[in-house]
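Take a walk through this structure, one region at a time. Keep the sequence and the 3D view side by side.

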Amino acid sequence: LIFLSFFIISSCKKEVPKTLLKGKVSIIPLPKAQNLGEGFFILNEDSQVSVENESQLKIASHFFELIEESLGFSTEVKIQNTGANIQFFTDASLPKEGYQLIVSQEKIILKASQEQGFFYGLQTLKQLFPPSFHNINAPENIEWGIPVVTINDEPEFKWRGYMLDVSRHFFDKEKIKEVLDFMSELKLNRFHWHLADDQGWRIEIKKFPKLTEVGAWRVDYNTTDETVSNWWGRPKQKPGEKATYGGFYTQEDIKEIVAYAKQLQIEIIPEIDMPGHSMAAITAYPEISCAKQPFYVATGGIVNNNTYCPAKEKTYQFIEGVLTEVMDLFPYKYIHIGGDECNKDAWKNDLNCKQLMKDENLANMHELQSYFIKRVEKNINAHGKNMIGWDEILEGGLAPNATVMSWRGEKGGIAAAKQGHDVVMTPFKYCYLDLKQGDDDLEPNLGYSHSFLKDTYNYKVISDSLTIDDAKHILGVQGNLWTESISDWSKLTYMTFPRLYAVAENGWTSQKLQNWDNFIERLLYQFKKLEAQETRYATSAFNVKI
Ligand code: TNX
């Protein structure tokens, strides 16, 4: 009895590291090579980090500050602290985004050649913690067991994207930061921000203030029925009705987001959709349309006459004014100009359009659209930037330097690559996160057709019909979340997860290493983590009713 009570007392005194789960590594996206050893490295409040220089210091301090609450203690990060048990080293032989992470029982060593690699090595480290680490309520007096493992890693593609449509439903800047957070954990590095569409203009443009005074607001349907059929069936705004639903980002907000994304190694691709999908803009500035007024910011579904007029100089002045401010705000290479689903009815009977087609020898509406896109590209190129657009920009002839985002299938992307243009693959069947992910009776209030997790996972980014040289033009892959039926955060995460894990693995892990059964096993860790964070995700992918 004395022995037993001694045992009980002593085991109560010392906080047992509850988190020492049996060693198992469940990293998504799957690293290029990993070798699991025996035992654990214990990370506790005595742990210290040593880095070599200021740039590493920034990355490491940012990381350990962010996880301080989850850890339950702070971790000291210093330059050249030889006694530290977590050490960073430059290894110039590693690729830009690659890293090597070596966890032994005594030490953690992280090697990379550049910032990106150190950042991604740390994201991997974060996934080596047990799921309880991600609890929103921080534990106290705890030690964390990190399994002994050696990981050598680098990505397959340089474009690993996620698109969010903030026009159909607006998500404020704090939510955008949360999007960037979950992206960075999956080593996604391109955030495509769909900022303008028929149902709302979301970015402040100083030269054209009505874009946000008028274009950012529509009639509030305030409905809890968020099926796509509800969206498509909505009546249009009537004269005298007040437009109160919406929102926009100020230029200060944009700068804040750009700085935030930079710390997470994410580039942002702003999209201003044109010449179609532009109802919000022409409601603010009707003179750049060739359709008849009045215009209203669209409340939902079918929108006609939502185009800029390609035959007015004013249109090009407007676009130049808008894009100049956009290009100043986003210090990156690409500007997305949309180009999709342009309904050309308003152009067909317009006298200016007819005259322009004659003058420019344009045979049909596709060539007229191509004329418009090419002029816009010239302007973008003159600012030293590249234009990217949806695959409709192939119609009537591709602009000389355009990059194509292939969404209606793989055909457009394949054709563009064969013409020597760069391509990002986002075929809707595999990459559209707004499509249903489970059987109809398992889904809450959602619409469109299906895109099952397994299809997303098994999608081959490089089509068999490409030669090795054509394939070099495939920059990567992206998951797109259109928000017609998504007005709140919990639905956003529900549609995004788990499919974004599959997109991330398609972007990072080579096809040869991908394996569905193994992916599902690793997903279980991610699910526990999402639960710990109280993030809603879909189980309908596994035919489980929620
Ligand atoms: C097509 S994808 C669109 C969007 C819709 C989406 C719904 C693309 C370039 N255009 O405007 O939101 O389908 O899945």
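Helices (H or I, at least four residues) and strands (E, at least two) are DSSP runs, numbered from the N terminus. Residues are numbered from 1 along each chain as its sequence is written. The model is predicted: local features need pLDDT of at least 70, side-chain atom pairs count only at pLDDT 80 or more, and totals for chains, interfaces and linings use all residues.

Start at glutamate 341. It lies in the loop between strand S14 (334-338) and helix H11 (345-348). The unreviewed UniProt entry lists Glu341 under "active site"; such annotations may be inferred rather than shown by experiment, and positions follow the numbering used here, with feature names shortened. Buried means 20 or more other C-beta atoms within 10 Å of a residue's own, exposed means 12 or fewer, and partly exposed is in between, with C-beta atoms placed from the backbone. Leaving out residues up to four places away in sequence, glutamate 341 touches Gly276, His277 and Glu392. Contact here means C-beta atoms, placed from the backbone, within 7 Å.

Now look at the ligand. Around it stand Asp340, Glu341, Trp390, Trp407, Tyr432, Asp434, Tyr448, Trp482 and Glu484. A residue qualifies if its C-beta atom, placed from the backbone, lies within 6 Å of the molecule. The shell divides into five nonpolar, no polar and four charged residues. Nonpolar covers Ala, Val, Leu, Ile, Met, Phe, Trp, Tyr, Cys and Pro; charged covers Asp, Glu, Lys and Arg; the others, Gly among them, are polar.

Next comes strand S18 (residues 474-481). Eight of its eight residues are buried, so S18 is largely enclosed by the rest of the structure. Strand S8 (residues 159-165) pairs with S18 in the parallel sense over six bridges. Pairing requires at least two bridges found by DSSP. Methionine 163 stands opposite asparagine 480 in S18. Strand S17 (residues 423-425) also runs parallel to S18, joined by three bridges. There, methionine 425 faces valine 477 in S18.

Finally, find the open sheet of seven strands. Its order is S1-S7-S5-S6-S4-S2-S3, with mixed pairing. Strand S1 (33-43) and strand S3 (76-79) stand at the edges; each has a single partner strand, so one side of each is left without a neighbour in the sheet. Within the sheet, strand S4 (residues 86-90) and strand S6 (residues 108-112) pair in the parallel sense over five bridges. Isoleucine 86 has isoleucine 108 as its bridge partner in S6.

Notes
Contact = placed C-beta atoms within 7 Å.
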